[in-house]
Structure formats: C-alpha cells, structure tokens
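Here is a short report on the structure shown below.

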Amino acid sequence: MTKTERKVHEPLFHISKRDAVSWKRALLVRVITVLGAFLVSGILSWILIGVDPFTFIGKLFEGIFGTERRIWVMLRNLSILLCIALALAPAFKMRFWNIGAEGQVLMGGLATAICMYYLGDKLPEPVVWLCMIVAGIAAGALWAVIPAIFKAFWNTNETLFTLMMNYIAMQLVSFFTNVWVKDGSGTLKNETHLHGIMLPQLGNMYLLPIIVVALLTAGMFVYLKYSKHGYELSVVGESENTARYIGIDVKKVIIRTMAVSGAICGVAGLLLTGAINGTVTTATAGGQGFTAIIVSWLGKFNPLYMILTSFLVVFLDRGMVPLNLTNDAFSAIITGIVFFIIIGCEFFLSYQIKRRHEKAQTVAAEPALIAETQGEARQIEGAETTSQTAEATAQEETQQGEERAQTPEEEDAALLRKIVDKTGEALKKGADAVADTAKKCAQKVKEGAQRCKAFLSEKFRRKDKPQGGEGPADETAETKETEKTDGEDKAE
Amino acid sequence: MKKILAIAASAVLAASMVVGFAGCQGGGVSKDEIKVGFIFLHDETSTYDKNFIDSAKEAAKNLGLKDGQIVLRTNVPEDDSCYEAAADLADSGCDIVFADSFGHESHILKAAREFPDVEFCHATGTQAHTAGVDNFHNAFAEIYEGRYLAGVAAGMKLEEMIEDGKITAAQAKMGYVGAFPYAEVISGFTSFYLGAKSIVPEVTMTVRYTSSWYDEVAEKNTANSLINEGCVLISQHADSLGAPSACEEAGVPNVSYNGSTKSTGPNTYIISSRVNWTPYFEYMINCVLNGEEIATDWVGTLETNSVQILDLNTDVAAEGTQEKLDEVMAQLKAGTLKVFNTDSFTVKGKKLDSYLADVDDAGDYVPETEAISGGYFHESEYRSAPYFDIIIDGITSITT
C-alpha cells in the first residue's frame with residue numbers, strides 16, 4: 001500500500017512529448033524565436049555596452065555584408081564550420097559521440113603541413129598538392145578510426161577517447177612547430193618554413209573552400225538520405241541489436257562511419273592549412289570542432305539545415321566585429337544567449353511541460369489499472385498453487401482467489417481516490433493562492449507602470465518647457481507628490 | 001519542407017553575394033580624417049595586449065583624435081584572420097594599420113603588399129628591413145634596459161633577503177617563466193639576470209618555457225614548479241597574470257612585465273618594466289599627418305620614454321631601491337653603462353669577444369651580423385627586434 005502512495009506523488013511539473021507540430025507552425029515559431037533572440041541581444045547590448053538595439057543589429061549586418069571582402073570571408077568561414085559539422089553528422093546520427101573533431105581537423109592540417117615542409121622543395125608543386133590532399137584526408141580519418149576501433153571491439157567510451165585525442169593532436173602540432181622553427185619563436189611561417197606552398201586558387205582566394213564544401217554538403221545529403229551506408233548507420237544509431245538482427249555488421253559500420261567523419265574533418269584541416277592560413281598552429285581549428293557539434297545538432301544532422309545553423313554561428317561571430325570591443329566577453333554572452341533561446345525553442349517544439357493537476361486526473365483513472373494488474377498477479381499465484389490439484393477445484397480456487405482479491409483492491413482504490421481528492425483540493429488551494437498573488441502582482445505592476453508614466457510625462461514636460469518660470473516649481477511639487485506615494489507604497 | 005529550406009539557403013547565399021560593396025579607400029591625411037586601425041592578438045585580459053590597447057587610446061587622446069578615428073580589433077589570431085582583419089581595416093579607410101603580435105607579421109606583410117597606400121606597422125617583427133616593402137615597418141624598444149633596471153630591483157630584494165638571513169647567497173636563485181626560447185625572451189631574461197647580478201654576484205637563474213605567449217594555467221604551473229625547485233624570486237615574459245598570482249599565493253617576490261600587477265600581488269609585487277607604446281603610436285600617426293616616411297625599424301629608448309619601469313611597490317621592495325634605480329637609469333641614459341657589457345658575463349666559462357647574430361631573418365638560421373664591438377653586444381641596433389640569443393653562465397634554460 002505504501003508503494004501505491006509513493007506512485008501517486010508526482011512532481012508539480014513534468015515533461016512529455018508533444019504531438020507533431022505542423023511544419024508551417026514550426027517554421028513560424030522558429031522565425032519568431034530567432035527574431036526574439038536578437039531582440040534580447042539588442043536589449044542586452046543597450047544595457048551592457050550602450051549600443052541601442054537598432055544600431056546593434058545594424059552593426060551585425062554591417063559586419064557580415066558591409067563590404068565585398070566581408071561577404072567572402074563570411075562565406076569561407078561558414079564553409080569551414082559547415083565542413084566540420086558535416087563530418088560530425090554521420091557520427092552523431094550513429095550515436096557515436098565524436099567530440100574529437102578539433103583533433104581530427106588539426107591532424108589534417110598537420111599532415112598537410114608535413115607534406116609542405118618535407119616535400120615542398122623536392123617535388124613539383126602539383127605533386128605536393130596531391131600529397132597534401134591525400135595526407136590531410138588520411139590523417140583526419142586515422143585520428144577518427146583509432147577511437148572507432150576501440151569502440152567497435154572493446155566498447156571503450158568514445159566521448160573520452162575522442163576528447164583525449166584532441167590534446168594529443170595539439171601536442172603533436174606543438175612538437176613539429178618546435179622542431180621546424182629553429183629560432184624558438186613558435187611561429188611557423190608559410191614563406192620561411194613551408195616553401196610558400198599553397199593549394200591553387202580558384203578565381204580568388206576564398207572560392208576553393210566554398211566550392212569544396214558545397215560539393216561535400218550535397219554529397220553528405222545524398223549519403224545520409226539515400227545511400228545504404230546512411231541507412232545502416234542510422235539503424236546502428238537507433239539500436240545496435242536491431243542492426244545485428246537484420247544482418248548489419250555493426251563493427252564495420254562504426255569504423256567506416258568514423259573514417260568518413262574523420263576524413264571530412266581532414267578536408268577541413270587541409271583547407272585551413274593548405275588553402276587559407278598557409279600554416280598550422282595549435283589554434284588552427286580554433287574551437288570550431290566543438291562549435292560544429294551544436295551546428296550539427298541544431299541542424300538535426302541534415303546538411304541543408306546545417307547551412308542555416310552554421311550561418312547563424314558565423315553571423316554572430318563576424319557580425320560582432322564592427323562593435324570595436326576590447327573584450328570578447330560581450331560577444332560570448334550574446335552568442336550564448338542566442339543559442340540558449342534557439343535550443344529552448346527546439347526543445348519546446350518537441351516537448352511540453354504539463355502541470356501536476358492535469359496529471360492528477362489521469363492518475364484518478366489509474367487505480368483501476370493498478371488494481372487490475374494486482375488482481376492478475378494474484379490470479380497467476382492462485383493458478384500456480386492449484387496446478388497440481390484437479391481442474392474443477394482449480395477453477396473454484398481461482399474464483400475464490402478473485403473474491404479474496406476484490407476487497408484489498410477496493411481498499412486501495414478508495415485510499416487512492418481519497419489521496420487524489422485531497423491532493424486536488426490542496427492543488428486548488430495552491431492555485432487560488434497563486435492566482436491571488438498573481439493578481440496582487442499585476443496590480444503592483446500596474447501601479448508601477450502608472451508611476452513610470454507619471455514620471456516620464458513629467459520629465460518630458462520639463463524638457464519641453466525648460467525656461468518656464470512656473471513650470472519647474474509645479475513639477476517639483478509633483479515630484480514630491482509622487483515621491484510621497486512611492487513612500488506610501490513601500491510602507492504597504 | 002526540404003525544398004523550401006534549400007531555397008532559403010540558396011537565397012541567403014545569393015543575397016550575401018549581392019549586398020554590400022561599400023568599401024572605400026581613405027584618402028586624406030588631415031587630423032580630422034586620419035583613421036588608424038589596431039590589431040591585437042588577445043584582449044584586455046592579457047597584460048601584453050592591454051599595454052597596447054591603453055597606449056593606443058592614450059596616443060589618440062594626446063593627439064586629439066575622435067572616437068571613430070581609432071578602430072580596435074581584438075582577439076585576432078596569428079593566421080589568415082589577421083590578414084583579413086588588416087585588409088578589412090584598409091577597406092574601411094584606415095591610413096595606418098598596426099598589429100601587435102610577432103606571429104601577425106607575415107599576414108600583415110601580405111596585406112601591406114596588397115595595399116601600397118596604407119602604412120602597416122608591426123611591433124616585435126623582424127622582416128621589415130629585409131622585405132623591401134616600403135609601407136611595412138617594424139618597431140620595438142630597448143626593453144632590455146628596462147629589464148636590467150627591473151633586475152636591479154630584484155637584486156636589491158635578494159640582497160635584503162640575504163642580509164636578513166632568510167636565504168644564503170648560494171640560495172639566491174631566481175626563476176623565470178618564459179614563453180618560447182626565442183631571442184626576444186632570451187634577451188629579456190638575460191638583461192634581467194645581469195641587472196640582479198650587478199647587485200648579487202652569486203645569483204643564478206632557472207628559466208622554464210610555456211610554449212605559448214598566453215596560457216594562464218601553464219604560466220601559473222610553471223611559476224609554481226620553479227618555486228618548488230627553490231627559486232626565491234620569480235619574473236616572467238609571458239602575457240597572463242598566471243605567474244604573478246602563483247607568486248602571491250606562495251608569498252614569493254615577483255618582478256612583472258608589460259604593466260603593474262600590484263593589484264594581483266599586493267604582498268609580492270616589486271616592480272614592472274614595460275614598453276610604453278604611446279610615443280611610437282604618436283610618432284607613426286604624426287608621420288602620416290605630416291606626409292613623412294615612417295622608419296623601417298623604429299627603436300624606442302629610455303629617452304623617448306618608450307622604456308619604462310613603473311609602480312615600485314615600496315612595501316615589498318628593499319630599502320633604497322628607488323635611489324639605486326635612479327642612479328643606474330642615469331648611467332644607462334648617459335651611455336656609461338652597457339647592459340650587455342662583455343666583461344659582466346661569460347659563456348661556457350669564457351668571455352665573449354665575437355658573436356654572429358641572425359639579424360636578417362631570411363629563414364636560413366645562418367647568422368651573418370657581428371654584434372659585439374667596443375666591448376659590448378649591440379642589441380636592437382641592426383634591427384628593432386632583439387637578437388641576443390645566447391644562454392650565458394648562471395642561467396639554466398630548460399627547454400624540455
């Protein structure tokens with residue numbers, strides 16, 4: 001009986017899955033959320049850095065679209081982030097928590113730089129390019145396959161494993177930098193150390209990464225949506241046992257998917273080192289390996305949505321530049337808030353919060369169910385004990401068992417109903433109290449608003465007639481009055 | 001749904017291609033029109049960058065420039081982002097673009113080649129005198145003199161500790177947290193050591209590196225390991241508050257760099273040396289205003305007030321430190337005292353009569369310039385960035 005009592009105790013709020021929201025509504029909600037997020041950021045910018053919301057949002061757009069160069073840089077930064085997010089999508093879809101993108105990108109970059117350093121002056125440039133491409137992609141894939149093998153064969157924790165691989169990659173970059181840069185400055189320069197090797201430009205220096213990633217996006221979309229591999233990895237993600245049951249080689253899928261994931265990270269590293277920076281440092285990935293996780297996740301692992309989510313990240317990152325801030329705390333706050341709001345929106349599109357008293361009604365229906373199950377259990381018990389005796393007696397006994405069971409059933413149900421009723425009453429009282437307080441609060445707010453209004457109108461009047469001889473005297477009198485009422489309110 | 005999103009995505013891309021094209025080149029050099037862009041590796045939380053940021057603001061104020069005339073870009077990494085930032089500043093009409101970190105140099109040089117009408121100035125760099133790009137300039141200061149003075153203050157403190165019986169002369173071991181085993185750092189800690197040695201001849205010093213210009217945790221850990229190894233005084237050439245805070249926690253005296261860290265270590269901070277960049281910023285802006293050439297390699301000195309020692313903490317420093325510093329400063333200014341006087345140090349037990357330094361920085365690491373003459377090492381004379389990279393006796397440099 002105590003057990004049943006405990007079952008009834010429900011939290012005041014609980015979360016349940018929401019019925020599917022129509023896509024029109026979902027889109028509308030998302031658009032409103034994004035606008036709301038920017039409004040909140042605008043208000044914060046007003047409070048924190050004294051830039052009014054309109055100027056703030058104007059500056060964001062200026063930072064992104066202000067000049068032709070800014071547009072190109074935005075597109076290129078977007079493509080690199082998108083590239084890493086694309087790499088993560090198959091891994092996450094397979095429920096393989098690859099948080100080692102940072103290291104995989106770095107390894108891709110490092111392998112590219114190794115080719116540039118050791119082969120740059122020995123082989124013709126196109127051959128070096130080819131080596132860079134192969135090495136960069138292979139190194140990224142290798143860095144992802146190692147934890148995948150451990151996961152597939154010994155079920156090691158891939159989160160920790162991939163995370164630790166990041167630090168190894170960073171130290172390897174540090175190591176090679178220290179070996180190559182003999183003056184000890186730790187700065188690897190393209191012309192001085194890497195023989196000035198860069199991947200060929202397409203049109204201008206921004207276009208190559210953009211095109212490569214555009215192709216990858218289309219490829220990844222097809223791979224995840226229409227290929228057998230894409231299907232297999234999503235089955236493995238849903239349930240490894242199901243995958244095994246239908247004859248999917250889970251180990252193979254894990255390793256293959258991570259190889260793809262790492263190889264695309266390697267492409268990002270290759271582009272960063274070979275086509276953009278011309279060098280590799282421990283900061284080459286610049287935390288994008290982690291930012292890409294949120295991009296991938298918010299984009300629901302769909303490459304097309306991911307274009308939008310990575311645009312959002314780059315928009316905030318680059319847009320904040322013209323604000324001329326000497327401290328990056330503000331931009332970090334804004335980015336955090338915008339994502340917090342958007343993640344919240346996504347959450348409430350698929351879940352809802354229910355209050356307890358709604359639940360209480362459903363509970364009221366439940367005792368019967370609980371009783372039924374109990375009855376069944378007793379029936380089974382009864383049946384077992386009588387299995388050795390004759391059929392007729394067995395039937396009798398079962399009937400008896402049922403009769404016996406009915407009294408406690410009813411007791412339980414009655415007790416439950418009592419509890420539910422009482423809880424209902426308490427809830428009602430609570431709700432009334434809340435409503436009362438809310439009413440009081442509303443009144444207070446109303447009063448406050450009136451006072452504000454009075455204060456503002458007074459202030460504006462003062463501005464309107466600053467030279468008026470009588471005005472100021474009147475106003476001071478009024479101010480005193482308002483102050484008085486303030487005091488009274490406080491006393492209340 | 002997918003189709004619409006795809007269309008939306010391509011619309012965004014297309015829109016971004018079309019909007020904009022507002023960049024225009026600033027032409028005039030009148031005081032009302034001049035615009036100066038600054039690129040900083042980190043932001044105000046780094047003592048190194050804060051020193052530059054404060055100097056930029058001060059120079060603008062001294063010259064009467066308005067708010068919009070100096071543009072500050074913080075947290076610009078040492079990669080292509082630096083080129084993009086420089087090019088963006090040039091696009092938006094800056095007449096001068098300045099960058100503050102060693103690793104920015106090649107990216108600034110790239111921008112300088114692309115924008116011949118804009119002056120590009122770079123602190124701590126080494127390539128201007130050989131690059132042959134007219135609008136690219138390096139600048140630094142004879143900070144080794146400031147380091148020497150800070151070393152004198154450290155020596156005074158050690159002497160006081162010996163006299164008080166807290167340590168013996170043999171225990172007078174200092175610790176130094178360096179960023180990289182690079183000439184700028186080596187020159188700095190050697191002059192610091194020589195300053196201390198001029199007061200306490202028995203002093204020794206251990207140097208450990210963090211392999212990063214800014215890594216608060218590594219700097220703090222390195223300072224702590226030096227303290228555990230028995231170092232009784234710590235100084236640093238790295239840009240965070242890591243070492244000063246480790247010293248304050250351990251109660252070990254600290255000689256700081258880039259600016260006063262007295263607020264971090266009120267009970268352990270002695271003195272700080274720094275390069276005051278305001279004179280250079282004023283110089284480069286005035287050059288452009290007057291239509292004059294900016295020097296390819298500009299070196300600030302004690303005389304130009306570019307090299308400063310500041311905020312002596314009399315609660316921690318030994319008695320008479322200020323008087324001693326004034327005396328040594330006068331000698332340095334008069335040129336009667338040379339920091340790298342070859343009589344004051346030995347290398348592997350021998351006096352140094354000749355040393356070829358790698359001044360041209362062509363990437364070959366082949367030294368080509370004789371730096372010792374007249375009985376001293378001529379630091380910062382053949383180029384602004386330091387090139388003294390010798391580990392002298394008494395200093396243990398731990399690179400692994």
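Val177(B) in strand 6 of chain B stands opposite Arg208(B) in strand 7 of chain B. On strand 8 of chain B, Val177(B) faces Gln236(B). This is a predicted model.

Strand 6 of chain B spans residues 173–178, and six of its six residues are buried. Both faces are covered. Lys173(B), Gly175(B) and Val177(B) lie on one side, and Met174(B), Tyr176(B) and Gly178(B) on the other. Met174(B) stands opposite Met205(B) in strand 7 of chain B.

Which strands pair with strand 6 of chain B in the parallel sense? Strand 7 (residues 204–209) of chain B runs parallel to it and is joined by six bridges. Strand 8 (residues 233–237) of chain B also pairs in the parallel sense, over five bridges. Strand 6, helix 7 (residues 183–197) and strand 7 of chain B make a right-handed β-α-β unit.

## The sheet

Seven strands of chain B form an open sheet with mixed pairing. Their order is 12-10-9-8-6-7-17. Strand 12 (307–310) and strand 17 (395–398) of chain B stand at the edges. Each has a single partner strand, so one side of each is left without a neighbour in the sheet. The twist averages 20° from one strand to the next.

Helices pack here too. Helix 9 (residues 242–250) of chain B touches strand 6, strand 8, strand 9 (254–257) and strand 10 (269–275) of chain B. Its direction makes about 165° with that of strand 9 of chain B. Helix 8 (residues 216–228) of chain B lies across strand 6, strand 7 and strand 8 of chain B. It runs at about 165° to strand 6 of chain B.

## Helix pairs

In chain A, helix 4 (residues 68–93) and helix 9 (residues 207–226) pack at an angle of about 25°, with their axes 9 Å apart. That makes helix 4 of chain A roughly parallel to helix 9 of chain A. The crossing is left-handed. Among the contact residues are Leu75(A), Ile80(A) and Leu86(A) of helix 4 of chain A, and Ile210(A), Val213(A) and Met220(A) of helix 9 of chain A.

In chain B, the axes of helix 3 and helix 4 (residues 105–114) come within 8 Å and cross at roughly 35°. Helix 3 of chain B passes helix 4 of chain B in a right-handed crossing. Residues that meet include Tyr83(B), Ala86(B) and Ala87(B) in helix 3 of chain B, and Ile108(B) and Ala111(B) in helix 4 of chain B.

## Contact between the chains

How many residues of chain B are in contact with chain A? There are 39, and they touch 41 residues of chain A. Helix 1 (2–18), strand 2 (70–73) and helix 3 (80–91) of chain B each give two or more residues to this side. Helix 1 of chain B gives the largest share, seven residues.

Lys348(B) counts as exposed, with 9 C-beta neighbours inside 10 Å.

How values were computed: Residues are numbered from 1 along each chain as its sequence is written. Chains are lettered from A and ligands numbered from 1 in the order in which they are written. This is a predicted model: local features need pLDDT of at least 70, side-chain atom pairs count only at pLDDT 80 or more; totals for chains, interfaces and linings use all residues. A residue is buried if 20 or more other C-beta atoms lie within 10 Å of its own, exposed if 12 or fewer, and partly exposed in between; C-beta atoms are placed from the backbone. Helices (H or I, at least four residues) and strands (E, at least two) are DSSP runs, numbered from the N terminus. Two strands pair if DSSP finds at least two bridges between them. A crossover is right-handed if, with the strands pointing away from the viewer, the path from the first strand over the helix to the second runs clockwise. Axes are lines fitted to C-alpha atoms, for helices over the stretch in contact, and angles run from 0 to 180 degrees between N-to-C directions. Angles under 35 degrees count as roughly parallel, over 145 as roughly antiparallel, 65 to 115 as roughly perpendicular and the rest as oblique. A crossing is left-handed if the near helix is turned anticlockwise from the far one by less than a right angle, and right-handed if clockwise. Two residues are in contact if their C-beta atoms, placed from the backbone, lie within 7 Å.
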